[in-house]
Amino acid sequence: MKKALLGLIFGLTIVSCNSKADKNNAEQKAQAMTACEQAAITPGISVAKKELITKYCDCSTDKMMDEFTYTEMMQMNNPTPELQERLMKLIEPCINDLKTKSAELGE
């Protein structure tokens, strides 16, 4: 999970420092998604698990691109408690969905 989160953060580095990302920008979103997936998907992972991770990355990418500036995303490598709390609240539905669906798969 942490790898996916870090991948997502690094994938969003193309965003300007003081503005929020534009989740409707296909190139920005594709880069963020690719980074997230590359961080979380390991060799030998099942197709079903890969699909769940892709859905998680899509969910968390959308939420982060709506909420955080580039500067805030870069601070997530060493987040303040306030920033960490905002992040976890923001992506909690994505994480819960991933956990629930992973449990249903039995993986």
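This is a predicted model: local features need pLDDT of at least 70, side-chain atom pairs count only at pLDDT 80 or more; totals for chains, interfaces and linings use all residues.
**Entry 1: the link of Cys36 and Cys57**

I began with the torsion about the S-S bond of Cys36 and Cys57: it is -80°, and the link is left-handed. The two ends sit in separate helices, Cys36 in helix H2 (residues 26-40) and Cys57 in helix H3 (residues 47-67), so this pair ties together parts that are 21 residues apart in sequence. I noted the S to S distance, 2.1 Å. Cys36 is buried at 0% relative accessibility. Cys57 is buried too, with a relative accessible area of 0%.

**Entry 2**

How many disulfides does a search of the whole structure find? I got 2. Besides the link of Cys36 and Cys57, there is a disulfide that joins Cys59 to Cys94, with 1.9 Å from S to S. This pair links distant parts of the chain: Cys59 belongs to helix H3 and Cys94 to helix H5 (residues 81-105), 35 residues apart. I read a torsion of about -75° about its S-S bond, so this disulfide is left-handed.

Is Cys59 buried or exposed, or partly exposed? I found it partly exposed, because its relative accessible area is 24% and the buried class ends under 20%. Cys94 counts as buried, at 2% relative accessibility. Counting bonded cysteines along the chain, I wrote down the pattern 1-2, 3-4.

**Entry 3: the overall plan**

Next I stepped back to the protein as a whole. I counted 5 helices and 0 strands. From the N terminus on, the order is α-α-α-α-α. Of the 107 residues, 36% are buried. I also checked contacts between residues at least 6 apart in sequence: 70% of them join residues at least 24 apart.

**Entry 4: salt bridges**

Now for the charged side chains. Side chains of opposite charge can pair when their charged atoms come close. My count comes to 7 salt bridges.

Which side chain does Lys29 meet in a salt bridge? The partner is Asp58, at 2.7 Å from N to O. Lys29 lies in helix H2 and Asp58 in helix H3, so the pair ties together parts that are 29 residues apart in sequence. H2 and H3 are also the helices that hold Cys36 and Cys57. Lys29 is buried, with a relative accessible area of 18%. Asp58 is partly exposed, at 31% relative accessibility.

I then turned to pairs within helix H5. Glu82 forms a salt bridge with Arg86, and their closest N and O atoms are 3.9 Å apart. Both lie in helix H5, 4 residues apart, about one turn of the helix. Asp97 and Lys101 meet in a salt bridge as well, at 3.3 Å from N to O. They too are 4 residues apart in helix H5, separated by about one helical turn.

Glu82 is partly exposed, at 47% relative accessible area, and Arg86 is partly exposed at 24%. Asp97 is partly exposed at 35%, and Lys101 is partly exposed at 29%.

One more item went into the notes. Glu82 and Arg86 belong to a network of salt bridges that also links Glu67 and Glu72.

**Entry 5: helix H5 from end to end**

H5 kept coming up, and I looked it over last. What span should its 25 residues have at 1.5 Å a residue? They should span 36 Å; the end C-alpha atoms are 33 Å apart, which agrees. The helix has a kink of about 55° at Ile91, shortly before the proline Pro93. Ile91 is also one of the buried residues in H5. Cys94 is the residue that joins Cys59 in a disulfide.

After H5 comes Gly106, whose phi is positive, near 80°.

How values were computed:
Residues are numbered from 1 along each chain as its sequence is written. Side-chain values use heavy atoms; hydrogens and water are left out. Buried means under 20% relative accessible area, exposed over 50%, partly exposed in between (1.4 Å probe, protein chains only). Contact means heavy atoms within 4.5 Å. A disulfide is a pair of cysteine sulfur atoms within 2.5 Å. A salt bridge is a side-chain nitrogen of Lys or Arg within 4 Å of a carboxyl oxygen of Asp or Glu. The expected span of a helix is 1.5 Å times one less than its number of residues. The bend at a residue is the angle between axes fitted to the seven residues ending there and the seven starting there.
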